[in-house]
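Colleague: I would like to learn how to read a few features of a model. Could we go through them one by one?

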Amino acid sequence: MARIVMKFGGTSVADLDRIRNVAARVKRVVDEGHEVAVVTSAMAGATNQLVAWCQELSPLYDAREYDTVVATGEQVTIGLLAVALQTIGVDARSWTGWQIPIRTDGQHGKARIDAIDGAELIRRMRMGQVPVIAGFQGIGPDNRVTTLGRGGSDTSAVAVAAAVKADRCDIYTDVDGVYTTDPRIVPKARKLPAIAYEEMLELASVGAKVLQTRSVELAMKERVRVQVLSSFTDAPGTLVVDEDEIVEQEIVAGIAYSRDEAKVTVRRVPDRPGVAASVFGPLAEAGINVDMIVQNVSADGTTDMTFTLNKTELPRARLVLDEKRDEIGFAELATDPDVAKISVVGVGMRSHAGVAGTMFRSLAARGINIQVISTSEIKVSVLIDAEYTELAVRALHTAYGLDVA
């Protein structure tokens, strides 16, 4: 007998038939004698609608009230799934984030989990009851509802798995595992039987939408074994585990892309000590995450600073920087939302040279200009024009020998 956390995404619970399907899956695992907790997302499209209503009322909405609104999507789902489970003879009870409680910091809209008390959940599971838990939400220091950011239900599931000392966290979605790249773009993409935490973390952080970045980060920290599976088939999934558990390690595990990027260039900034802090400090204080950063060579005592961020943060970033214009001393603020980030990821890069060179040659051969380059120990990312996204992904997938033979 094992203790398993099962997480179901929005497409898995998109309507009543799919909720019944999820309930049947949960019942099978319960009938095998396992202790089970379930974490769910909102029904597909529900969160988008709730977000759209907030944005329509006010582009610069109060984040605390935004959380109050968008957290309701998961509450609907857990109630419906609990009813569906009870209907087929499974003892189940729904739990919102504050009832457990899932304690978070006060960063509304993208809160981080501080602690979960799993004692009551463990007691209920030992009694044979299935807790059905709202993902994506928690409770902040001021006892207000908080949400964890888009995809936050994955993080909720991993955090619950760690709190109840689960043997595994199974994440069910609309794909049957982790692929070498998006199979909608590259039909020859391969499903990976296993992938290292570090590789999955990098892929998630640069655009792969199978798992949320913070969920992988938490899984790696707490050593939670994660399995990515399909809600609609019984095909084997992909295990996300320690690197040591993977027998055959590829040089490159996958190619990721993100069309959610925007490029910002702060022109003619005074080239003096502390100028970077004057640009990025206020952005950090506003909770705006910056990704790739490039500073040009100084000319006439000034320089240009270019960085990327999520497109949704662009209006706030412009507002913050415009307010600090006199303090920073820049001449112009240029933005470009029509860019994409392409990344090559693999732990094998640590011991193999030439991975970046292959990337640059492949893109050059297809006339794709690189605007910004960023690297880490197991990743190379480039920023390109968004119109070349699919061409770049296909070219790199072939160049690294990832196509199915």
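The dialogue below takes up a sheet, a hairpin, a pocket, a cavity and the cysteines.

Modeller: This is a predicted model, where local features need pLDDT of at least 70, side-chain atom pairs count only at pLDDT 80 or more, and totals for chains, interfaces and linings use all residues. Residues are numbered from 1 along each chain as its sequence is written, and side-chain values use heavy atoms, with hydrogens and water left out.

Colleague: In what order do the 8 strands of the open sheet run?

Modeller: Strands of a sheet pair through backbone hydrogen bonds, either parallel or antiparallel. Helices (H or I, at least four residues) and strands (E, at least two) are DSSP runs numbered from the N terminus, and two strands pair if DSSP finds at least two bridges between them. Here the order is β3-β6-β2-β1-β9-β13-β14-β12, with mixed pairing. β3 (92-95) and β12 (194-196) are at the edges with a single partner strand each, so one side of each has no neighbour in the sheet. Neighbouring strands are turned by 20° against each other on average, direction ignored; axes are lines fitted to C-alpha atoms, for helices over the stretch in contact, and angles run from 0 to 180 degrees between N-to-C directions.

Colleague: How many bridges join β13 to β14?

Modeller: β13 (residues 226-230) and β14 (residues 238-241) run antiparallel and are joined by 3 bridges. Gln-227 is opposite Leu-239 in β14.

Colleague: Which strands pair with β18?

Modeller: β16 (residues 261-270) is antiparallel to β18, with 8 bridges, and Val-269 faces Thr-303 across that pair. β17 (residues 290-295) is also antiparallel to β18, over 4 bridges, with Val-290 partnered by Leu-309. β17 and β18 make a hairpin with 6 residues between them, and Asp-300 in the turn has a positive phi of about 55°. In β18 (residues 302-310), 8 of 9 residues are buried; buried means under 20% relative accessible area, exposed over 50%, and partly exposed in between (1.4 Å probe, protein chains only).

Colleague: What lines the second largest pocket?

Modeller: On a 1 Å grid over the protein atoms alone, a cavity is a set of points where a 1.4 Å probe fits but cannot get out, a pocket is an open set with protein on both sides within 12 Å along at least five of seven lines, and lining residues have an atom within 4 Å of a point. A volume is the space filled by probe spheres set on the points, which are joined across faces, edges and corners. The second largest pocket holds about 300 Å³. Its lining has 14 residues, and Ile-113, Ala-159, Leu-218, Lys-221 and Glu-222 are the closest to its centre. α8 supplies the largest share, 5 residues. The classes are 7 nonpolar, 1 polar and 6 charged; Ala, Val, Leu, Ile, Met, Phe, Trp, Tyr, Cys and Pro count as nonpolar, Asp, Glu, Lys and Arg as charged, and the others, Gly among them, as polar.

Colleague: How many cavities of 30 Å³ or more does the structure hold?

Modeller: There is 1. The largest cavity has about 30 Å³ of space, and its lining includes Val-158, Ser-215 and Val-240. α8 gives the most to this lining, 3 residues. The lining of the largest cavity has 7 nonpolar residues, 1 polar and no charged.

Colleague: How many disulfides are found?

Modeller: A disulfide is a covalent bond between the sulfur atoms of two cysteines. The test is a pair of cysteine sulfur atoms within 2.5 Å, and the whole structure has 0. Cys-54 is buried at a relative accessible area of 10%, and Cys-169 is buried at 0%.
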